Amino acid sequence: QVQLVESGGGLVQAGGSLRLSCAASGSIRRINAMGWYRQAPGKQRELVAVAPSGGSTNYADSVKGRFTISRDNTKNTVYLQLNSLKPEDTAVYYCYALVLTTIESVPRNYWGQGTQVTVSS
C-alpha cells in the first residue's frame, strides 16, 4: 500500500556529513508524521528525529545540534542532514511514515528498508 525508499547512506570520516532521503509512495491519503530511527549492532532501535505534520520537530539528545530533519510535502519525502558525524552514529538508519491510506480508516506506521551509515574514526 505504501512504500518508503531510502537513499544517501555510506561511509564517512568522523566530522563529516551525509544527507539521507526517504520518499513515500502508494495509496497515501495523508501523512501525519515522518521520521528516522537507527539501530546499531547489538542495540535497540532508537528514535533519531521526527517531523510531525503541523507540529514541531523533535530530536534525540544525542543528535541535537548536529542532525536536521526536514520534509518536502509536495514530494512526500523526508530528509535527514547529518553533520559533525561521530563513530557512535554508525548504524542502520530507518525512515518511517505515519500514513493514513486511501483504503484504511486509521493511520499506521510504514518503514523503509534501512540504509547503512558508517562513521570511521
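Four strands make up an open sheet in this predicted model, in the order 1-3-8-7 and with antiparallel pairing. Its edges are strand 1 (2-7) and strand 7 (67-72), each of which pairs on one side only. On average, neighbouring strands of the sheet are turned by 15° against each other, direction ignored.

Let's look inside the sheet. Strand 3 (residues 18-26) and strand 8 (residues 77-82) run antiparallel and are joined by six bridges. Across from A23 stands T77 in strand 8.

Next comes the nonpolar core. The largest one holds 30 residues, and L4, W36, V48, F67, L80, L82 and Y93 touch the most other members. Among the elements that give two or more residues to this core are strand 4 (28-39), strand 5 (46-52) and strand 11 (115-120). Strand 9 supplies the largest share, five residues.

What about disulfides? A search of the whole structure finds one. The disulfide joins C22 to C95, with an S to S distance of 1.9 Å. The pair links distant parts of the chain, as C22 lies in strand 3 and C95 in strand 9, 73 residues apart.

| Residue | Relative accessibility | Class |
|---|---|---|
| C22 | 1% relative accessibility | buried |
| C95 | 0% relative accessibility | buried |

C22 counts as buried because its 1% relative accessibility is under the 20% cut-off. C95, at 0%, counts as buried too.

Conventions. Residues numbered from 1 in each chain as written. Predicted model: local features only at pLDDT ≥ 70, side-chain atom pairs only at ≥ 80, totals over all residues. Heavy atoms only, no water. Pairing = 2+ DSSP bridges. Axes fitted to C-alpha atoms, helices over the stretch in contact; angles between N-to-C directions. Core = buried A, V, L, I, M, F, W, Y, C linked by side-chain atoms within 4.5 Å. Buried < 20%, exposed > 50% of the residue type's maximum accessible area, 1.4 Å probe, protein only. Disulfide = S-S within 2.5 Å.
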